[in-house]
Amino acid sequence: MARRIVVDPIPRIEGHLRIETVLDENNNVADAFSSGTMWRGLELILKGRDPRDAWAFTQRICGVCTTVHAIASVRCVEDAVGIKIPENARIIRNLMNATQQTQDHLVHFYHLHALDWVDVVSALSADPKETSEIAQSISPWPKSSPGYFKDLKSRLTKFVESGQLGIFSNGYWGHPAYKLPPAVNLLAVAHYLEALDFQKEIIKIHTIFGGKNPHPSYVVGGVPTAIDPNGDKVINVERLSMIKKIIDDTQTFIDQVYIPDLLAVAKYYKDWGAIGGGLGNYLAYGDFPETDIHDPGSFKWPRGAILNKDLSHVDEDVNPTDLSQIKEEIAHSWYTYEGDKDSLHPWEGQTNPKYSGPELPYKYLDTDKKYSWLKTPRWKDNPMEVGPLARVLIAYVKGVDEIVDTVNFVLKDLDVPAAALFSTLGRTAARGIECKQTAGFMRNYYDQLVANVKSGDTKVFDSSLWNPERWPKDCKGFGFTEAPRGALGHWIHIQNGKIADYQIVVPSTWNASPRDSKGRPGAYEAALKGTPMADPELPLEILRTVHSFDPCLACASH
Amino acid sequence: MKEKQTYAEIMEARGIDRREFMKYCSLLSVYLGLGAAGLPRMLKAMETKPRIPVIWLHGLECTCCTESFIRSAHPVVADIVLNMISLDYDDTLSAAAGHQLEAVRKQIMKEYKGQYILAVEGNAPTKDNGVYCMVAGDSFLNLLKETAADAMAVISWGTCASFGCVHNAKPNPTGAQPVHKLISGKPIVNVPGCPPIAEVMTGTIAHLLTFGKLPELDRQGRPKAFYGTRIHDKCSRRSYFDAGMFVESFDDEGAQKGWCLYKMGCKGPTTYNSCSSMKWNDGVSFPIQSGHPCIGCSEPNFWDNGPFYTRLANVPFVGTDSNADRIGLVAVGAAAAGVAAHAIGSAIKKKSDDNGTEE
Amino acid sequence: MAKLYQEQYVWRLPVRWYHWINAITVTLLFLTGIYIATPIFVPAVGEATWYHSMAWIRYIHFGSAFIFIANFLFRMYWGLFGKDPYARFAGFKPWKPLWWGQPFRDQLASYFFLRKDEPNYCGHNPVAALTYFLFIFSGSLFMIITGLAMYSESNPGGFLDKLFGWVIPIFGGSMRVHTVHHLVAWAFVVFLVIHLYAIVRHDIMDKSSVTSSMITGFKTRVEECPEYAD
Ligand code: HEM
Ligand code: HEM
Ligand code: NFV
Ligand code: SF4
Ligand code: SF4
Ligand code: F3S
Ligand SMILES: [Mg+2]
């Protein structure tokens, strides 16, 4: 009998994910099932409320990608009632979004993903001098002296010897799939800690504009923080220079720590350039408008879709407001649709929870039937992967200059073909490439903001349609963003100034969804197929591929 | 098991000298409202106590409490996780997965019976047997109860665990319940906020570590040190409140001058938190400073006390959303109408009475 | 049909003082309270420290509140211990079925035009007593408790907080206390509308000159005063 391996809980993600796999006789994953095991009912809680409040509710879907739902939400309300936000608001939102993406990717790489590749215990046997030499050979980052690593090593040794291993307890240390030499492991542990310290600095840009992070403030019609270059209360020169400094430091960290580490680690795991490819269909709504959110041509991360790993063509016809393009199915999800519909466009969407899984506690889910709290989104009836890899591929095919250069540089440095991008390694590399690119945007936005303010434009909010009495009695809107994990959409229906319906389709819903009505797997499920396992008891390889998507299950089923 | 390191030893091992260690402790002491008097006690605790094991569970939540936690500036989170506590089980940071991870939880519960801290982020759905949040094939509700049984104390992180937060906002589709309604017989500290301020979280832990017990709590189970006063009482815009100088619309003249956000719906006058004193993310700002009214995110029921941009809360009234003034006006109108009708009745009666008298 | 008219001293000075102090403070409390919730005056120029409009309005609210409370307490004392037959609460026993008996029903029937004649009372008629109990006694008590609870918030751990702080969690947070305090404020306006109408009406209908009675103290007695059971 085929062996069934269950991994639940999956750690180092956001939310509650359960993976069930079936192994073949060679201990390769033959089949995989992805189940989201939490649901909160945000779409129902939103009904009847003031659409201007929706951003705060939807923001609480996730505290990791803590800005993107707020952005999608204010955009969908603005779209519905016809608000055009001022130029400064566009720039500030872009800057906040870019900040989020950069910080989230950094945290993902070091704190959520790294332990899949880095053996902490092996670092104890590293020669600090060797680590120092490696560090200095790949980067000018100053914290690289032998003494620095020696100190770290002795701290680490004491920590491990204390017997209290904390977050490292029961990790897969010594697993044969770990390939890094001790010296590189030690380097990675050092940067794990440095990144933990640094991530909290980047996010201060959110605090400046939104008052706090996680969950900074937004507002329908613009941004809440006024600008007065000569004032002492709002955005002024002091705050602007603080932002500039943060952007400088962020770019330095990415260029001198993240990217060199990524490449150094990837070199030992090139075999993962052929594992975990999955669907081969990629979708991006695009984001970071240079003009207006309704002008996809101006997006710095372009819109489009790639099917069947075809790097010669991007389908430009991605229109989430077209009722026939995006639909959510529930064939394997614990929901019902009135009228026995198979699939619904979010503007017609329904959320009627109905658990029909096994009685608790259970050993296995009944994966032939319904087995997840996630719905199953489809684009033109295709299962799609979204996220950094999708964005990078679409930009690459569309010939966005910097992306083409960076991707080619990485491929060359790792000495792998473009096809290696369709893989677990590709996903992880794309996230780094994107992080570098988006951090570059941050500088642009800073410059744009300063130029605008210099020219005397300090407007950040459009009040003309603030009052719901001036809104159409019945209207629908779509708001979206490219979240760190991919294409995010919010669809709203407003009646008499109140939310009549609100539907959210999230990047991780696309990626972590269960099978559709035709039995076709979601992106995680597809990517896990064929994963070799050295020891079925120790699911390290499963974690690698699943983590390469950066799962967020609270987002995925909300 | 090997000899456990004390905090002082860890500091020393990290090359941190005695002076810095003292500085760090006095900073903590001030944060915890202990002042200089608390310092010796704290030093002693830090120098002699091994790391407390912590099991950190996630229920219905958004993980922003963890995210906030890792933004702590003093102490930085690496210090806490590697040196102050032993964070043995945490979905968000743990290396182990699946049953290896569950094994850690079980082991800590056994080995440190009555000595570990249970930290809970999020809350538990109680409807339909708890199927709205399942971990390792069982309900989170069961997991929570099981893990709480032998805990020394429970920390409820965030408004979710403390009061229910967005998940028990109307109509509470999953029957979500805060921790203190599900666990009894254990000391529980509520650390509300959506999320709580990082240094409030780490400060609460530091207190526990120092004194081996929970900080002093208020009537709603919150540490007095951090939830003792309202945002409004320490708000930098307060002088504008008293003066009656209010922002009337985002980006208006008042907004640019930093006037009071009361009329934009600010809930600072009814919200207990440290935002206006400690501020966020290493003191950079807080929502009100950055121009947005406080939405009251550390208060029970704050989602149902909206809408966020008006001063008066919505009050459901005969099937519609209304507010105190609208309901009041309707009631006065009804009384006036009743009086008018009665007056007409009285006039008719009087006429007939008078007629009767004349007869 | 002839009626006997007779001047009778009903409202002694303490009750009259109570009444007018109460009337004035309630009016002030309501107006300032509404202003607190929805302030309108916004100074156009100058510095925050030049102005205190909000502070003043709140000051008036709290000042009136303490006079209101003292006045209320005094009336409670007078009603319970005062040697003033018309001001005592002794007769008010709604928990006894007898209280809801004939006199109450007669008065109610009269208000609903179900009775031809108008019962006449020297003190409060039982329906009036019930309204006073609901609106004035319960209403005032509610406003005082919620008001003091909110007032205590500015000094956590202080005297008032120790006495009234428990109120806040009962309602589910400070915001909810504001909301109920605000809602019940309107009950006083509802009362006033009915109160003024009832007084004017009694004047016209049974010539008992209730209006001036609260100033002069004298009511015009029309019949024997029926007593309800003690
Ligand atoms: C112009 C305004 C007012 C006039 C002319 C007026 C007149 C009177 C009169 C004549 C009575 C005696 C009624 C009886 O026989 O039962 C009375 C009683 C009373 N009135 Fe008023 N009133 C006024 C305003 C108010 C206001 C604003 C309040 C408070 C909200 C109030 C509260 C009361 C109370 C509590 C009593 C019962 C007195 C007691 O037993 O101590 N009145 N009023
Ligand atoms: C008939 C009596 C009273 C009326 C009609 C009244 C009315 C009001 C109203 C309408 C508000 C605004 C509530 C809001 O929406 O925030 C308010 C606030 C308040 N009232 Fe009263 N009130 C009365 C008695 C009292 C008493 C006895 C106190 C005791 C000290 C009190 C203390 C307060 C306080 C502390 C506030 C909050 C002020 C603030 O938030 O700045 N009130 N009142
Ligand atoms: N999936 C997802 Fe999110 C992201 N990125 C949201 O839209 O993480 Ni919580
Ligand atoms: S309290 Fe708020 S921030 Fe914390 S987990 Fe709950 S929703 Fe997220
Ligand atoms: S902004 Fe809010 S908290 Fe600050 S003074 Fe005004 S009402 Fe109070
Ligand atoms: S919204 Fe929350 S973060 Fe502070 S200022 Fe208000 S309590
Ligand atoms: Mg949805």
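Tutor: Happy to. Let's start on one side of chain B: together, chain B and chain C bury about 4200 Å², and 61% of that area is on carbon and sulfur atoms. On the chain B side, the residues that lose the most area to chain C are Arg219(B), His342(B) and Lys349(B), which together make up 15% of what that side buries. Please keep in mind throughout that this is a predicted model. As a whole, the model scores ipTM 0.94 and pTM 0.93.

In residue terms, 50 residues of chain B are in contact with 54 residues of chain C. Two salt bridges are found across this interface. Glu153(C) takes part in a salt bridge with Arg230(B), where the closest N and O atoms are 3.9 Å apart. With a limit of 4 Å for a salt bridge, that separation of 3.9 Å falls within the rule. Of the elements, α14(B) gives the most, with 17 residues. Sorted by class, this side of chain B has 22 nonpolar, 12 polar and 16 charged residues.

Now turn to the other partner of chain B. There are 2 pairs of chains in contact, and chains A and B share the most contacts. Chain A and chain C, on the other hand, have no contact joining them, and their closest C-alpha atoms lie 14 Å apart. Between chain A and chain B, 92 residues of chain B are in contact with 98 residues of chain A. These two chains bury about 7900 Å² between them, with 58% of it on carbon and sulfur atoms. In chain B, Arg71(B), Ala95(B) and Met134(B) lose the most area to chain A, together 9% of what that side buries.

In one salt bridge, Lys204(A) is paired with Asp282(B), and the closest N and O atoms are 3.5 Å apart. Several elements of chain B give two or more residues to the side that touches chain A, among them β1 (52-58), α4 (64-69), α5 (77-84) and α6 (98-111). The most comes from α6(B), with 7 residues. By class, this side of chain B holds 48 nonpolar, 26 polar and 18 charged residues.

Next, the ligands. In chain C, ligand 1 is surrounded by 21 residues, the closest being His19(C), Arg75(C), His124(C), His195(C) and Val210(C). A polar side-chain atom of His19(C) is 2.7 Å from a nitrogen atom of ligand 1, and an N or O atom in the side chain of His195(C) is 2.8 Å from a nitrogen atom of the ligand. For Arg75(C), a polar side-chain atom lies 2.5 Å from an oxygen atom of ligand 1. The elements giving two or more residues to this shell are α1 (13-37), α4 (126-152), α7 (174-206) and α8 (210-216) of chain C. The largest share, 7 residues, comes from α1(C). By class, the shell has 14 nonpolar, 5 polar and 2 charged residues.

In chain A, 13 residues lie around ligand 3, and Cys62(A), Cys65(A), Ser508(A), Cys552(A) and Cys555(A) come nearest. Nitrogen atoms of ligand 3 lie 2.7 Å from an N or O atom in the side chain of Ser508(A) and 2.9 Å from one in the side chain of Arg485(A). A polar side-chain atom of His69(A) is 3.3 Å from an oxygen atom of ligand 3. Both α3 (68-81) and α13 (507-512) of chain A supply at least two residues of this shell, which divides into 10 nonpolar, 2 polar and 1 charged.

One last word on confidence. Chain C averages a pLDDT of 86, and 88% of its residues score at least 70. Over residues 224-230 of chain C, however, the pLDDT is below 50. Where pLDDT is low, the predicted coordinates should not be read in detail.

Conventions:
Residues are numbered from 1 along each chain as its sequence is written. Chains are lettered from A and ligands numbered from 1 in the order in which they are written. This is a predicted model: local features need pLDDT of at least 70, side-chain atom pairs count only at pLDDT 80 or more; totals for chains, interfaces and linings use all residues. Side-chain values use heavy atoms; hydrogens and water are left out. Contact means heavy atoms within 4.5 Å. Buried area is the accessible area (1.4 Å probe) that two parts lose on being put together, summed over both. A salt bridge is a side-chain nitrogen of Lys or Arg within 4 Å of a carboxyl oxygen of Asp or Glu. Helices (H or I, at least four residues) and strands (E, at least two) are DSSP runs, numbered from the N terminus. Ala, Val, Leu, Ile, Met, Phe, Trp, Tyr, Cys and Pro count as nonpolar, Asp, Glu, Lys and Arg as charged, and the others, Gly among them, as polar. A residue is near a molecule or strand if one of its heavy atoms lies within 4 Å of it. A polar contact is a pair of N or O atoms within 3.5 Å; within protein, one must be able to donate a hydrogen and the other to accept it, and residues adjacent in sequence count only if both atoms are side-chain atoms. pLDDT is the predictor's confidence in each residue, from 0 to 100.
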